[in-house]
Amino acid sequence: MPTNEELQKQLIQDLLVESNEGLDRFDREMLALEKGQATPDTPNIIFRVIHTIKGTAGCLGLSKIESVAHVGENLLSLLREGKVTVTPPLISTLLAYADALRAMLSSLRDEGNEGSEDYSALLKQLQDLQAASSATSTETIPAPQAAAPVAAPAALPQGWGLFDDEPAPATPAATPVLSEAVAPAPVIERAPVVAPVTAHAPTGTPATSHPPGEGGARATSAADTAIRVNVEQLDKLMNLVGELVLARNQIVQHSALIQDNSLIAASQRLNIITTELQESVMKTRMQPIGNVWAKFPRIVRDVAGELGKKVQLVMEGNETELDRTIIEAIKDPLTHIIRNAIDHGIETPEVRRGGGKPDEGLLILRAFHEGGQVNIEIMDDGRGINISRVKEKALQRALITADQSARMSDREAFNLIFLPGFSTAEKVTNLSGRGVGMDVVKTNIEKIGGSVDLLSEANAGTTIKIKIPLTLAIIPALIVTSGRERFAIPQVSLLELVRLEAEQARKGIEKLYGAPVYRLRGQLLPLVYLNKELELGGASSTGGAVDEAVNIVVLQADGRQFGMVVDEINDTEEIVVKPLGKQLKGLACFAGATIMGDGRVALILDVVGLAQHAQVIREVRDRSMTEKHKGDARASERQTLLLFDVGEGAQMAIPLSMVARLEEFPRSQIERSGAHEVVQYRGQILPLVRVSDYVRTVAETSASGTDLMQVVVYSEQGRSIGLVVGSINDIVEEAVTVKRDSAHDGILGSAVIQNRVTDLLDVAAVIRSADPSFYSSSRTPVGLAA
Amino acid sequence: MSKTIITVDDAATMRKMISFTLKGAGHEVLEAADGVEALKTLQTRAVDMVITDVNMPNMDGLTLTRSLRALPQFARTPIVLLTTESAPEKKAEGKAAGATGWIVKPFQQDQLLAVVAKVLGP
């Protein structure tokens with residue numbers, strides 16, 4: 001049994017939980033009352049919340065909370081009796097009153113006392129409101145201090161003296177309570193009188209006459225089907241199940257090695273049961289997202305009120321469940337997004353009216369399960385995101401280059417608002433411009449393995465889509481080996497796997513500003529050698545001079561991609577996340593540990609932490625900035641080029657912007673139409689032009705090699721033509737300096753790209769000579785901008 | 001002598017507090033969150049005393065008291081109302097419902113024990 005002091009602590013903990021839950025309920029019912037959506041029970045619920053807080057706080061000796069609660073209770077009691085009219089000031093004052101109680105409770109939690117805040121102004125307001133209604137009623141609840149103590153002195157033989165007007169018996173202890181002979185007479189007499197009243201009991205009559213089972217089954221109350229379980233208990237259960245999953249993995253792995261049928265059968269059963277158990281235990285930790293949302297109506301009301309906006313909040317999918325740790329983690333990001341939506345998204349009523357929208361803005365919160373993930377969408381019907389302003393701002397803050405800005409898709413532009421150091425608010429309001437921006441929202445959601453996406457349409461509104469995993473305890477992961485150690489990489493940060501054979505690796509991996517990079521489909525992918533980063537030693541630790549295949553795990557961290565070079569890629573597996581001991585907690589590179597099927601420990605990599613440790617994220621950003629500064633003058637010359645071979649040794653290039661698609665066709669698909677070679681392509685006829693026929697080089701090389709034809713599809717004014725080339729080499733972004741020596745037909749000039757002399761193909765000229773009618777209506781000569 | 005007492009209150013903290021106090025005095029304690037729950041528990045368990053809050057959801061303390069008094073086996077069981085309400089007319093209402101006594105919150109542990117001792121005997 002706990003000591004009194006421990007009990008007091010524990011009771012205060014309980015009081016905090018209970019009271020905060022109650023105050024949330026209070027807010028909710030208050031808002032319902034304000035909107036005229038109150039049920040007959042609403043005033044009772046509101047009253048009871050405060051009443052309970054007052055009573056419990058009083059018993060725990062929290063006199064300040066008790067006395068503040070008491071003042072509100074008086075007013076609420078009048079409200080309950082219908083003696084107070086509901087007005088906006090009344091609601092606001094009572095909400096502020098709930099906040100005052102919350103503040104004292106938090107102070108109690110954090111500081112151990114009720115705080116020194118002075119609430120007399122608020123209490124005065126409450127009393128004034130109460131006085132205003134006193135015209136109709138003077139009845140108030142007396143202060144608890146004035147309340148009579150437990151028992152009154154005098155005694156009557158039949159009573160216990162527990163009522164004021166009922167004197168205590170001379171020898172109270174002598175009254176044998178359960179003996180019929182001396183039973184208190186009044187009670188028996190009263191019984192028949194009150195009997196009919198029982199029929200009015202809301203949830204059925206006492207079913208004593210029924211067998212217990214029958215009565216119980218009919219009136220199943222929440223208390224019967226739900227119990228409160230300590231969260232620690234649930235965490236422990238989850239932990240144990242995690243251990244069981246690991247043991248299961250070991251046994252299953254082991255039983256596969258030993259050819260014993262009964263062991264295999266048993267391990268299969270164990271396997272199934274463990275999976276089911278794991279799911280069930282995970283379910284016990286699930287909470288409806290409505291628990292977090294409950295406080296949003298209040299926030300929306302306050303923020304909208306402060307900004308003079310009208311907002312209707314619609315919440316769908318309240319019952320969608322997710323792990324309690326995740327619920328905790330999304331609370332603040334969601335709040336921030338909602339504040340933002342009201343502050344920046346939804347317009348003032350005047351502006352909305354001008355735009356033909358209803359005065360009241362609509363804010364929709366929606367949650368649903370999809371594909372093992374929880375989706376949360378926050379939609380507003382506000383002004384949408386102004387793309388040009390976003391780009392402008394990002395340029396101003398050097399988050400992107402002018403070139404990037406020009407090429408950026410709308411979607412990419414929207415996502416700029418998630419970059420650190422970005423804030424579009426013209427002036428920083430105290431609501432959403434608190435120095436933390438959407439980047440923090442994104443980081444927090446990515447931290448729990450989630451993702452954020454944003455869609456927006458001018459004047460129609462903005463939608464933010466969040467995807468988060470159901471749980472953090474057991475996650476799918478990719479197992480890799482480096483330096484003979486195994487590591488787990490959470491699947492959520494994994495984009496793709498690239499394997500470069502020795503030859504490719506030698507050619508493909510370059511050094512840029514001293515750092516290794518690989519061009520993946522034209523994008524610079526910074527590389528991190530896991531061996532080197534973790535100082536493991538081993539094959540690829542040198543980072544250069546590779547004479548074997550290179551495995552690159554392409555990862556996403558903080559919205560940027562990088563490649564991690566590992567020795568070996570093993571498999572994907574469901575792993576149980578174990579926190580690291582406190583000695584290792586400070587290591588940013590690791591998110592935790594797990595135990596593998598063979599019983600050995602593998603560390604789980606923290607992709608964001610690793611990227612930061614390798615400085616790969618910052619470098620990319622710095623690099624794009626240095627390139628911006630350097631490249632300003634030449635920015636117009638930089639372009640993305642498609643590199644390809646046509647014949648022996650001759651590399652050619654065309655601007656990627658002229659390429660509609662890259663296709664491969666088997667040679668057997670070639671048909672003839674008049675003098676032209678054609679293929680059927682997406683239900684159309686695609687004329688083919690063999691580039692080698694029009695430039696000076698020898699015949700295309702791949703003719704001898706494969707049966708596949710590499711075709712660059714070029715489209716102009718709805719017409720397409722396929723340029724047959726030898727092989728597609730790469731896509732590069734270069735500031736090319738063209739040497740004009742176009743002595744040759746079909747060549748605009750030459751440049752050195754990737755250390756090779758590269759001819760720039762004059763697409764227009766080639767096409768014109770192949771099919772003079774192609775540009776029949778052509779006004780725009782096609783060619784290199786250079 | 002150890003007695004069985006049921007405490008009925010919608011505030012779990014309050015129940016815990018009462019329960020601790022009474023267990024400390026050697027009693028066995030049952031808990032219920034409202035009148036309905038209390039009635040259900042009391043279908044199968046006999047108690048020596050009922051301590052109930054007045055203001056509760058589903059079924060309040062007064063209704064619980066009346067309901068219990070209507071049952072022969074609870075006709076004489078002491079029922080003490082434990083509440084913050086101390087208005088005389090409320091007390092009269094409690095008394096009329098059949099309550100044995102009335103304890104006003106906030107109370108001290110020894111006050112509660114004194115009442116219990118008074119009602120149940122040593």
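The structure described here is a predicted model.

In chain B, helix α1 (residues 12-24) packs with helix α5 (residues 109-120). The angle of packing is about 60°, and the axes lie 10 Å apart. α1(B) and α5(B) are therefore oblique to each other. Their crossing is right-handed. On the α1(B) side, the contact involves B:Ile18, B:Thr21 and B:Leu22. These meet B:Gln109, B:Leu112, B:Leu113 and B:Val116 in α5(B). Five residues of the contact are nonpolar, two are polar and none is charged.

Chain A holds an open sheet of five strands. Their order is β2-β4-β5-β7-β6, and the pairing is mixed. The edges are formed by β2 (311-316) and β6 (451-457) of chain A, each of which pairs on one side only. From one strand to the next, the twist averages 15°. Strands of a sheet pair through backbone hydrogen bonds, in either the parallel or the antiparallel sense. For β2(A) and strand β4 (residues 361-370) of chain A, the sense is parallel, and the pairing extends over six bridges. One residue pair can be named here: A:Glu316 has A:Arg366 in β4(A) as its bridge partner.

Helices also pack on this sheet. Helix α12 (residues 296-307) of chain A lies across β2 and β4 of chain A. Its direction runs at about 165° to β2(A). Helix α18 (residues 438-447) of chain A touches β6 and β7 (461-469) of chain A. The direction of α18(A) makes about 140° with that of β6(A).

Further pairings in chain A involve strand β9 (residues 485-490). Strand β8 (residues 474-482) of chain A runs antiparallel to β9(A), and six bridges join the two. Within this pairing, A:Ile489 in β9(A) is the bridge partner of A:Leu478. β8(A) and β9(A) form a hairpin with two residues between the strands. In that hairpin, A:Gly483 takes a positive phi near 55°. β9(A) is also joined to strand β18 (residues 601-605) of chain A. These strands run parallel, with two bridges between them. There, A:Phe487 has A:Leu603 in β18(A) as its bridge partner.

Conventions: Residues are numbered from 1 along each chain as its sequence is written. Chains are lettered from A and ligands numbered from 1 in the order in which they are written. This is a predicted model: local features need pLDDT of at least 70, side-chain atom pairs count only at pLDDT 80 or more; totals for chains, interfaces and linings use all residues. Axes are lines fitted to C-alpha atoms, for helices over the stretch in contact, and angles run from 0 to 180 degrees between N-to-C directions. Helices (H or I, at least four residues) and strands (E, at least two) are DSSP runs, numbered from the N terminus. Angles under 35 degrees count as roughly parallel, over 145 as roughly antiparallel, 65 to 115 as roughly perpendicular and the rest as oblique. A crossing is left-handed if the near helix is turned anticlockwise from the far one by less than a right angle, and right-handed if clockwise. Two residues are in contact if their C-beta atoms, placed from the backbone, lie within 7 Å. Ala, Val, Leu, Ile, Met, Phe, Trp, Tyr, Cys and Pro count as nonpolar, Asp, Glu, Lys and Arg as charged, and the others, Gly among them, as polar. Two strands pair if DSSP finds at least two bridges between them.
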